[in-house]
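Please look over the sequence and the model below before reading on. The paragraphs after it go from the whole chain to single side chains.

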Amino acid sequence: MSWLRGNAPQQPPPQQGGYSRLPPGAGGGIPSGPRAGREQPPPQQDSLGGLLNRWGPSYGEQSPAMQYQGGRGGGGSSRTHARTFIVKPSPTDADSQSNRLLCHPNDFQEGEHVLVQQRYAMTIKRDMSGILQPGQVGLSMVQRQWALVNENDSISISIIDIRELGKDVILAAITIDLGFMRAKRQVDDVFSIDDLSDFIHRQFDRMMFSPDQVLYFEYHGHKLKATVRATQNVGVAPREGYGQLDSATDITIMKAADSGIKFKSSAKKPPPNAILAPNFRFEDVGIGGLDVEFAAIFRRAFASRMFPRGLVEKLGIRHVKGLLLYGPPGTGKTLMARQIGKMLNAREPKIVNGPEILSKYVGASEENYKEKGDDSELHIIIFDELDAITKQRGSTNSGTGVGDTVVNQLLSKMDGVDQLNNILIIGMTNRKDMIDEALLRPGRLEVHVEISLPDESGRLQILKIHTAKMTKEGVMAEDVSLPDLASKTKNFSGAEIEGLVGTTAGISDDIDQLRVTKQDFELGLTEVQPAFGVSEEEFAGLALNGIIGFDESIESIKQNARLLVEQVRTSEKTPLVSVLLHGLPGTGKTALAAHIAQNSEYPFIKLVTPEKMVGYSEQQKVQAIHKIFNDSYKSPLSVIVVDNIERLIDWAKIGSRFSNAVVQTLMVLMTRRPPMGRKLLVLATTSNRAMVEELEMAELFDSEMRVGPVSSLRGVEVVLESVDALENPQERRQVMQDIEDAFRPRTREEQALYGATKLSIGVKKLINLAEMAKLDPGQVGARLVSSLIEQAGGGASKPPARRRVAEGEPESPGYYGISM
């Protein structure tokens, strides 16, 4: 039998040996025998016309379009010579639904695989109707659209040598977008993912598939259109990305974006729209420092969506419908919600702001998502500033009841008689306490995740994100240390860190060759202050003169305070510690409390003082105090200084009048344990210890420290030296002698009552007297002594009888001790 095909005139065999895959001139170095590891194919039979030699001039003269395509291309495809064919429509609709390349029986073998236009892989089906002539191929309309060809166009076709590719060509997995041929068609039928996968395996077994390939077929009376989204080969994929469907190929079916088709989720594997992109990183979208929060969200809200449907039904669980993100402003709640929508492979999230929900969204939701039991694509609705539209019902006096209607609509749609399925509500708020409680129960917004201020590692991530462009462009100087900046930006939110970086770029003086240096960041830190943090100016004004160690009791107080600060920092058993500093007016209680707070280096330090609440009503005071305590819970370590308790509660000795609401607020907040992972130190001051005892507030405190007055000559001298009141040593000695004479006890009774001296004055008053005396040069000593005598004589700071200690016990005039 001749080596030529069909009825074409015979041609003599080629003059240069047998068939070769190599172009002329390419040769040496390639072994002539079979490849190692591959079984040598059997010799070709004449009855088949010679598979490797069939591409001779079968139809008369050799077509000019014939050219060598071969060799194993860069991606691994192995092809024979190419030949030109004429495109015709598929003879029948059944041929179109086969999604194969139709040809005359003399042109190809049934089931062979070819490459069209050097790009599109197809599988051969012989036309037995007699419609196609030799040299013609039949393509359906969707195939022609995919291959970008028209009827009667000339196309090149080359055979793919499956034996050469081996197992590499087998598909391990394929992802298909499926919908109706008519994009807007709506039907009530629900299609099983498992049944569709079995149908595709049966219908298209051993067929070639390529990325972006379009298929058309009929299933249960419905004409469907499928688009190959992605393929994954067992081995190295050919350059064109095609592969052969095998019985073991995993088929993932997704809903086409423009289709209304409904699917019943697979009982054998997770729904495809719950699988997250494997290489998705939040740093790429500008989110950092929220690793723990994201882990909690995925574990609690999305884990069930990744289970196979059959397992979900066995467990009897339901998917989470609602997620509430709450926390301080600027921590990334809105940005996180948007990225969650993108990660879940769902539709673009719907953002709802304020009253839009009633007029713009809820009505539309009834129309768009009215189907019950629909397991199709997830719909995500994001409510920004949720507290503005879901306040406690009955709490507003608008008269219209619109707010209550909004809450009722949302409740019914999420978990009511008219509930919607296949939705995920993400709410965001700064005020969780204002949201109606019915929204927060399981079945609605059941997962609550606090988006708090980032810790040091989180701040470092955020700094890396916002300085990535500077680093890439070589703008940031080498002396800038991001870990050092992260340690200095305590209690900064993500938005505040972004503002710091932006401010730093504007500070830099180097315009021509812009360089952002460490000095620029340090200056930026002075201009950008965190909303939740330390008010440096406020606390600096409380201790302008520092802490003067005029007595051993002051050093003892500072040492005990350091131990308490470290106890709060390290102990897991005492997350809340409260301390009361009490003593006569002007003894420096507030300065000591401010000093302890600042030296603690806690990231959150706030002051509760009556000076800021002048003119406040009782309710306003309660709200202000409550807000400061709530803000402290957003930081891992916090200090609150409650200054001058008697003035804060409006204490009046006459009639013992006071604000009971403020007292009860303080008593509740100062004993309430912070949330898990948060620690709080409360420092309170008072000049009326008896009042604290009378109001039963003394039991609130874990420790008490008495801050005594200056009651020794040595103490007076230390204070005067610290303020440089007497620079002349001789004058200082004379003044100290005068003070000793003025306050020396005169009788035995006075000696028994006062000890070595009757002097007792608050350090604050002593500093004021010294500063005033300095304004009268030449008479500093005389004015200071006379002022001290006037203060004692006037009763402004009369020396109280000090506690006598046991015989042999060292006297500690300003410190009673600490009760733990």
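A residue counts as buried when its relative accessible area is under 20%, as exposed when that area is over 50%, and as partly exposed in between. The model is predicted. By the cut-off for burial, 48% of the 820 residues of the protein are buried. The accessible surface comes to about 40,500 Å², and carbon and sulfur atoms hold 50% of that area. The protein has 26 helices and 25 strands. Among contacts with a separation of 6 or more, 78% are between residues 24 or more positions apart.

Aromatic rings come next. A pair of such rings is described by the distance of the centres and the angle of the planes. The protein has 9 aromatic pairs. One of them joins phenylalanine 180 and phenylalanine 191, with 6.0 Å from centre to centre and 65 degrees between the planes, an edge-to-face arrangement. Phenylalanine 180 belongs to strand S8 (residues 171–180) and phenylalanine 191 to strand S9 (residues 190–192), so that the pair links parts of the chain 11 residues apart.

Phenylalanine 204 is in the loop between helix H4 (193–203) and strand S10 (208–209), while phenylalanine 217 is in strand S11 (residues 214–219), so the pair ties together parts that are 13 residues apart in sequence. Phenylalanine 204 and phenylalanine 217 are both buried. The rings named so far belong to one aromatic cluster, made up of Phe180, Phe191, Phe199, Phe204, Phe209, Phe217 and Tyr219.

The next topic is charged side chains. Side chains of opposite charge can pair when their charged atoms come close. The protein has 19 salt bridges. In one of them, lysine 558 meets glutamate 555 at 3.7 Å, N to O. Lysine 558 and glutamate 555 are 3 residues apart in helix H16 (residues 552–570), which means that about one helical turn separates them. Which of the two partners is buried, and which is partly exposed? Lysine 558 counts as buried because its relative accessibility is 14%, whereas glutamate 555, at 40%, counts as partly exposed.

Helix H16 also holds arginine 569 and glutamate 566, 3 residues apart, or about one turn of the helix. Their side chains form a salt bridge with an N to O distance of 3.5 Å. Arginine 569 has a relative accessibility of 31% and so counts as partly exposed. Glutamate 566 is partly exposed too, with a relative accessible area of 39%.

Aspartate 631 and lysine 634 form a further salt bridge, at 3.5 Å, N to O. Aspartate 631 is buried at 12% relative accessibility, and lysine 634 is buried at 15%. Elsewhere, salt bridges with shared partners join Asp484, Lys488 and Glu522 into one network.

Nonpolar side chains can be followed at the surface as well. Phe307, Leu311, Leu315 and Ile317 make up a nonpolar surface patch, and their accessible area together is about 320 Å². Phenylalanine 307 lies in the loop between helix H5 (291–302) and helix H6 (309–315). With a relative accessible area of 31%, phenylalanine 307 is partly exposed.

The last stop is the backbone. Most residues other than glycine have a negative phi, and most peptide bonds are trans. Histidine 220 has a positive phi, near 55 degrees. Histidine 220 is in the loop between S11 and strand S12 (222–233), and at 64% relative accessibility it counts as exposed. Asparagine 644, which is not a glycine, has a positive phi of about 55 degrees. The loop that holds asparagine 644 runs between strand S23 (637–642) and helix H19 (645–648). Asparagine 644 counts as partly exposed, at 25% relative accessibility.

How values were computed:
Residues are numbered from 1 along each chain as its sequence is written. This is a predicted model: local features need pLDDT of at least 70, side-chain atom pairs count only at pLDDT 80 or more; totals for chains, interfaces and linings use all residues. Side-chain values use heavy atoms; hydrogens and water are left out. Helices (H or I, at least four residues) and strands (E, at least two) are DSSP runs, numbered from the N terminus. Buried means under 20% relative accessible area, exposed over 50%, partly exposed in between (1.4 Å probe, protein chains only). Contact means heavy atoms within 4.5 Å. Accessible areas come from the Shrake-Rupley method with a 1.4 Å probe; for residues, only the protein chains shown count as cover. Patches are made of residues with over 30% relative accessible area and no salt bridge: like charges are joined within 9 Å, nonpolar side chains (Val, Leu, Ile, Met, Phe, Trp, Tyr) within 5 Å. A salt bridge is a side-chain nitrogen of Lys or Arg within 4 Å of a carboxyl oxygen of Asp or Glu. Rings of Phe, Tyr and Trp (its six-membered ring) pair if their centres lie within 6.5 Å; planes under 30 degrees apart count as stacked, over 60 as edge-to-face and the rest as tilted.
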